[in-house]
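A short report follows it.

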Amino acid sequence: MTNIQWTEQTWNPTTGCDRISPGCTNCYALGMAKRLKGMGSAKYQTDGNPRTSGPGFGIATHSDAFREPLRWRKPRRVFVNSMSDLFHPGISTPDLHLIFGVMAATPQHSYQILTKRHGRMRSLLNDPQFEHMARHRAEQVFGRNPAASWTWPLPNVWLGVSVEDQKRADLRIPALAQTPAAVRFLSCEPLIGPVRLNRGHAHCPTHDFAGGFCSSPCPDLILPDWIIIGGESGPGARPFETQWAADLIEDARLARSAPFVKQLGSVWARDTYWAGKSVAAHRDTKGGDPQYWPTDLRIREYPDTK
């Protein structure tokens, strides 16, 4: 199980990663991998590049974990690679074929995949050969031909990109829109600057050229189905402004997306007072308890997958 509020289960057929953007600066998984290596955990004995990764956080494949979901009978939301990035170049394409095959073979679960490697995600999932090989691996996992029930994109796979600031939003959201997916989502966590979604185009009839945004979703934009919003927590956490969350909730409503406010972050918890003491002093060091939030931010919705 997991303490991540927006999922129910984590599945790590691979582990390890490398920092590639500002959102990675205080990566929780990097610090956790170092601790797990020190505790002797077999999954975390491969070291990564010290400039971009760290002890226990080198890319490693765990063949014994690939088929874990086959043992889970009760349907659940599964965060894939909470300790890695599934589209990291160090993870082989044949391994990705098998991972997608396992997800196809377990349609009772909903799989949530989050990446900062938007280019590889878009390239692979638009490649008919990738679909063909994933289907082949699904057949091996099933032990029979799944042709009768096969659809692409897989209806139980949610694809998301991490968005920490406007620059990364402008890079990654278009790539997500160009990737076939049953559900598309954004993880705006850690949010380290303001982000707006309805950034229009010159030919959009609703574009506000003075403000730089559209008053309703641009006809050209495929907007996400789900938006997770959160401030940074832990050592070295950067500030979070509640207005950033309010703006994203507004954009989500315009786009008919489901907003999910996860937490307001350690800096907010330290600097915000409730009943005479800081929120952090109430043992909420991550700002994750909605009772302390402004009422308009107390929103935790999921996408409609029916």
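## Salt bridges

This is a predicted model. It holds 12 salt bridges. Side chains of opposite charge can pair when their charged atoms come close.

Take Glu8 and Arg77. They form a salt bridge, with the closest N and O atoms 3.8 Å apart. That falls within the 4 Å cut-off, so the pair counts. Glu8 sits in the segment before β1 (9–11), while Arg77 belongs to strand β4 (residues 77–80), so the bridge ties together parts that are 69 residues apart in sequence. Glu8 is partly exposed, at 30% relative accessibility.

Glu232 pairs with Arg238. The N to O distance here is 2.8 Å. Is Glu232 buried or exposed? Its relative accessibility is 5%, so Glu232 counts as buried; the cut-off is under 20%.

## A charged network

Glu250 bridges to Arg196, with 3.4 Å between the closest N and O atoms. The two come from distant parts of the chain, 54 residues apart. Glu250 is in helix α6 (residues 242–255). Arg196 is in the loop between β7 (183–188) and β8 (207–208). Glu250 has a relative accessible area of 43%, which makes Glu250 partly exposed.

This pair is part of a wider set. Salt bridges link Arg196, Asp247, Glu250 and Asp251 in a network.

## Helices α2 and α4

Helix α2 (residues 93–105) packs against helix α4 (residues 128–142). Their axes are 7 Å apart, and the angle is about 55°. That angle makes α2 oblique to α4. The crossing of α2 past α4 is right-handed.

Which residues meet? From α2 come Thr93, Pro94, Leu96, His97, Leu98, Phe100, Gly101, Val102, Ala104 and Ala105. From α4 come Phe130, Met133, Ala134, Arg137, Ala138, Val141 and Phe142. The contact of α2 with α4 has 13 nonpolar residues, three polar and one charged.

## Helices α2 and α3

Helix α2 also meets α3. The two axes come within 13 Å and cross at roughly 70°. That makes α2 roughly perpendicular to α3. Here too α2 passes in a right-handed crossing.

On the α2 side, the contact uses Thr93, Leu96 and Phe100. On the α3 side are Arg120, Leu124 and Leu125. Four of the contact residues are nonpolar, one is polar and one is charged. Thr93, Leu96 and Phe100 are also listed among the α2 residues that meet α4.

## Helices α3 and α5

Helix α3 (residues 118–125) and helix α5 (residues 166–177) have axes that come within 9 Å. How do the two helices lie, parallel or antiparallel? They cross at roughly 10°. That is under 35 degrees, so α3 is roughly parallel to α5.

His118, Met121 and Arg122 of α3 meet Leu171, Arg172, Ala175 and Leu176 of α5. This contact divides into four nonpolar residues, one polar and two charged.

## Gln291

Where is Gln291? Gln291 lies in the segment after β13 (277–278). At 41% relative accessibility, Gln291 is partly exposed.

Leaving aside residues up to four places away in sequence, Gln291 touches Trp274 and Arg298. Ala181 is 110 residues from Gln291 along the chain. Their C-alpha atoms are separated by 34 Å.

How values were computed: Residues numbered from 1 in each chain as written. Predicted model: local features only at pLDDT ≥ 70, side-chain atom pairs only at ≥ 80, totals over all residues. Heavy atoms only, no water. Salt bridge = Lys/Arg side-chain N within 4 Å of Asp/Glu carboxyl O. Helix = DSSP H or I, 4+ residues; strand = E, 2+ residues; numbered from the N terminus. Buried < 20%, exposed > 50% of the residue type's maximum accessible area, 1.4 Å probe, protein only. Axes fitted to C-alpha atoms, helices over the stretch in contact; angles between N-to-C directions. Parallel < 35°, antiparallel > 145°, perpendicular 65-115°, else oblique. Contact = heavy atoms within 4.5 Å. Nonpolar A, V, L, I, M, F, W, Y, C, P; charged D, E, K, R; others polar. Left-handed = near helix turned anticlockwise from the far one by under 90°.
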